[in-house]
Amino acid sequence: MNYYEIVIVGAGAAGIAAAKSAYEAGCNSILLIDRKKEMGGILLQCAHRGFGSHLTGVEYTQKLLEQFPEKIQVLLDTTVLSISPDRTVILSGVAIGFRKVSFDQLIMATGCLEITLGSLPVAGTRPEGVYTAGQVQEMVNIYHQLPQGPVVILGSGDLGLIMAKQLVLEGIEVLAMVEKKPKCGGMARNQRCLSEYNIPLICSATVTKVLGEEYLTGVKVYNFHTEEEQVIPCKSLLVAVGLCPDQTLIYGLGTLNWIHLCGNCNVVHPMVDAVILEGQKAGITAWDKIQRGN
Amino acid sequence: MKVVDTVVIGGGVLGCFVARNLMRWKISVVLLEEKNDVCMGVTKANTAIVYAGYDNQPGSLKAEMTVHGNEVFDTLCKDLEVPFLRRGSLMVGFGPQADKVMQKKFNHGIRNNVPGLRLISGKEACEMEPHLASGVTSALYAPTTGTVNPWQLGIAAYENAIQNGCDVWLKTKVIGIQKTEYGYAVETTKEFIECRAILNCAGLSADKIQELLFPPTVRLILDGSEFLVLDRHTATPEHIIFHESEEAGKGITAVPTVEGNLLLASSKRPMDGEYFSTSSKSMDRLRSIAADILPKVDLNQVIRSFGAVRPNPHWMVEKKGKLVPDGKSIGSFVIENPAPGFYSLIGIKTPGLTCADELGKYLADRTAEYLNALPNRGFNPKRQAIRAVRKMNFETRNSLVMRDPDYGDIVCQCEDISKAEILEAIRRGATSIAGVKYRVGVGMGQCQGSRCSQIISKLLEGARHELL
């Protein structure tokens with residue numbers, strides 16, 4: 001069994017920042033784990049600009065990694081299956097197999113989960129062609145596959161807007177963005193794509209029903225103001241209604257003073273800069289605890 | 001043209017069990033399924049309950065099969081390596097109407113020899129099941145009620161049938177049936193099949209399949225219902241809860257499944273629109289009743305909703321020179337035998353899952369008798385499940401990963417499912433993400449497949465290329 005002073009789950013922006021700050025503070029027994037084959041987390045599927053002001057997610061990751069201390073041990077292609085109260089984690093990976101690792105402090109940097117259609121009170125069938133926005137982002141930017149158009153996007157937050165713009169640029173028709181609130185949900189700079197590419201935004205409305213047996217054929221959109229319902233025929237539906245911190249690994253563990261949450265698994269942040277700051281703070285707090293012997 | 005002894009039409013849970021039981025005899029069989037995989041119809045949306053048998057009319061075939069089917073379910077699931085949990089059920093009522101129903105069901109249950117059945121007070125029910133709301137007036141406790149995953153069970157029977165020599169044609173639709181001197185000729189979208197016996201288990205199309213050759217006697221009228229699935233990290237009741245509403249037929253059902261998710265099912269409502277479509281009204285009703293009777297269950301933890309279709313058989317009667325359904329859903333199992341060697345299961349609904357193997361045996365035995373078939377002494381009732389890393393202890397899992405690194409590659413993070421399991425599911429016949437889900441359980445967690453679908457698609461694609 002291996003022992004590390006700090007184990008960090010997730011090598012996205014928060015995890016990278018946490019590892020680096022703990023190392024720089026003086027900790028030299030750190031294990032950073034990620035389930036993907038590369039470091040960077042969700043940044044890797046972000047082809048749009050806006051990270052550290054003007055970079056793409058991929059460029060931003062490169063910049064983060066340029067300054068990443070070589071001495072920090074990184075374990076990729078490895079999933080953390082569970083965390084137990086005796087301060088061990090169970091890992092499973094192609095290279096390392098199935099293994100138990102113990103630690104003194106644990107930093108959770110697992111990011112967030114997207115809210116899926118399943119958790120929404122949307123009626124209808126469950127055909128192919130319904131995705132979360134982030135899933136499509138990964139499909140397009142990592143797997144180079146496009147969803148079938150025309151597309152309807154439920155939710156007009158940043159991720160929804162970013163995907164609307166990208167799909168239009170890929171030549172896919174975005175028929176509508178459907179927003180529950182009276183106005184668009186995203187940041188101003190992301191909202192610009194609506195007018196630039198003539199993407200219709202239907203506010204005070206929601207998708208009430210999904211249509212189509214095997215494949216999606218359309219969605220029913222209900223307008224709260226007019227109280228009218230219209231069917232929009234489409235082949236893909238992107239659900240972009242929100243994100244929630246992914247704390248699945250610590251369900252049922254209660255509050256433990258050796259677990260430190262940072263980045264989107266703590267609170268969902270609109271900007272990567274805040275994620276980095278939280279990661280750094282978590283790294284330092286964890287190292288402090290070790291030095292003070294808890 | 002193909003010549004066989006028996007054609008089974010329909011690869012739902014019933015068709016799969018009919019095929020499996022036919023293999024107990026020296027009979028050659030082709031199982032025909034319209035879709036590209038089995039268990040993709042009515043089977044996929046089911047309450048997953050193995051009933052105790054108090055609902056059925058004493059003395060009926062249904063009552064007999066349910067009680068016996070339930071009794072042997074442990075053995076069946078052991079043979080097929082399918083998880084089965086006898087959670088026990090509480091039917092709960094909140095008023096005088098429900099109490100009356102409960103008394104009647106209790107009497108039926110006693111006459112049907114349902115083991116351990118007890119009519120208990122509301123207080124005792126709430127003590128047994130702390131999740132229940134106060135105000136329960138009486139409850140019927142059945143310790144033998146259990147739960148099984150319907151598609152896992154159907155697929156297990158399917159694999160066992162194949163392993164014993166059953167031939168399967170997927171993506172094959174039956175378009176005509178003719179009587180021949182020898183037996184029957186089945187016209188399919190692939191080729192003609194000559195056979196001596198036909199076992200029609202075509203689910204939603206069972207009435208139409210029979211009508212390809214015979215005059216209509218039974219017609220299926222469909223209704224629908226709603227299901228909600230809760231995240232398995234949420235606290236759930238330990239028992240299966242049947243809510244007997246004061247308004248007959250309007251109660252809901254709560255099932256803690258073998259996977260640990262709570263499954264909430266609405267009462268039935270008339271079909272509206274597409275098959276397997278949910279209705280908002282009925283979903284809202286389900287939520288509000290669930291909140292009333294199981295107040296401690298966190299309904300914000302719903303991760304999926306889906307619709308079910310139930311075929312209800314009605315006898316056809318003549319009205320003004322026309323044959324029309326008589327408007328009354330038939331209570332008993334409809335097993336039609338319009339001509340020698342031709343059997344139809346039409347509109348087998350609850351408790352069809354409980355009785356799947358019993359009905360399969362029943363039809364297989366009659367077919368064997370008709371064909372004068374000899375028993376197949378080589379029949380192997382045992383089927384091996386796909387090895388699931390999440391169910392292994394540390395040492396077993398560790399040594400398995402050492403031998404095959406694919407067992408270490410976790411693809412579905414929510415449910416802890418490895419690449420090796422997915423590849424095995426594909427090898428055993430999964431052709432779609434749903435097919436993989438039904439075999440190993442991927443995509444059933446909180447992210448609902450949004451994180452792993454792409455990887456699974458690639459694995460499916462890879463397997464298709466290998467075949468080419």
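This is a predicted model: local features need pLDDT of at least 70, side-chain atom pairs count only at pLDDT 80 or more; totals for chains, interfaces and linings use all residues.
Across the interface of domain 2 and domain 3 of chain B, the rule finds one salt bridge, a term that stands for a side-chain nitrogen of Lys or Arg within 4 Å of a carboxyl oxygen of Asp or Glu. The partners are B:Arg232 and B:Glu415, whose side chains meet with 3.2 Å from N to O. The same interface of domain 2 of chain B and domain 3 of chain B has three residue pairs in polar contact, both residues being at pLDDT 80 or more. A polar contact is a pair of N or O atoms within 3.5 Å; within protein, one must be able to donate a hydrogen and the other to accept it, and residues adjacent in sequence count only if both atoms are side-chain atoms. On the side of domain 2 of chain B that touches domain 3 of chain B, the classes are one nonpolar, one polar and four charged residues. Here Ala, Val, Leu, Ile, Met, Phe, Trp, Tyr, Cys and Pro count as nonpolar, Asp, Glu, Lys and Arg as charged, and the others, Gly among them, as polar.

Residues are numbered from 1 along each chain as its sequence is written, chains are lettered from A and ligands numbered from 1 in the order in which they are written, and side-chain values use heavy atoms, with hydrogens and water left out.

Chain B is assigned domain 1 (2–45 + 151–220 + 314–371), domain 2 (84–145 + 221–311) and domain 3 (389–467); the bounds come from an automatic or database domain assignment. Taken over C-alpha atoms, the centres of domain 2 and domain 3 of chain B are separated by 32 Å. Six residues of domain 2 of chain B are in contact with seven residues of domain 3 of chain B, where contact means heavy atoms within 4.5 Å. Between them, these two domains of chain B bury about 540 Å², with 38% of it on carbon and sulfur atoms. Buried area is the accessible area (1.4 Å probe) that two parts lose on being put together, summed over both. In domain 2 of chain B, the residues that lose the most area to domain 3 of chain B are B:Arg232, B:Ile303 and B:Arg304, together 67% of what that side buries.

I turn to the two chains. How many residues does the contact take from chain A and from chain B? Chain A gives 36 residues and chain B gives 39 residues. About 3,100 Å² is buried between chain A and chain B, and carbon and sulfur atoms give 52% of that area. In chain A, A:Phe98, A:Arg126 and A:Tyr143 lose the most area to chain B, together 19% of what that side buries.

Between chain A and chain B the count is one salt bridge. B:Arg451 forms a salt bridge with A:Asp246, and their closest N and O atoms are 3.2 Å apart. There are also nine residue pairs in polar contact between chain A and chain B, both residues at pLDDT 80 or more. Which element gives the most to the side of chain A that touches chain B? That element is β8(A), with four residues. By class, the side of chain A that touches chain B has twelve nonpolar, 15 polar and nine charged residues.

Aromatic pairs come next. A:Phe98 and B:Phe394 form a tilted pair, 4.9 Å centre to centre and 40° between the planes. This pair joins two chains, because A:Phe98 lies in strand β8 of chain A and B:Phe394 in helix α10 (residues 394–403) of chain B. Helices (H or I, at least four residues) and strands (E, at least two) are DSSP runs, numbered from the N terminus.

Finally, the backbone. Most residues other than glycine have a negative phi, and most peptide bonds are trans. A cis peptide bond joins A:Gly149 and A:Pro150, with omega about -5°. Another cis peptide bond joins B:Thr350 and B:Pro351, with omega about 0°.

Note on methods. Rings of Phe, Tyr and Trp (its six-membered ring) pair if their centres lie within 6.5 Å; planes under 30 degrees apart count as stacked, over 60 as edge-to-face and the rest as tilted.
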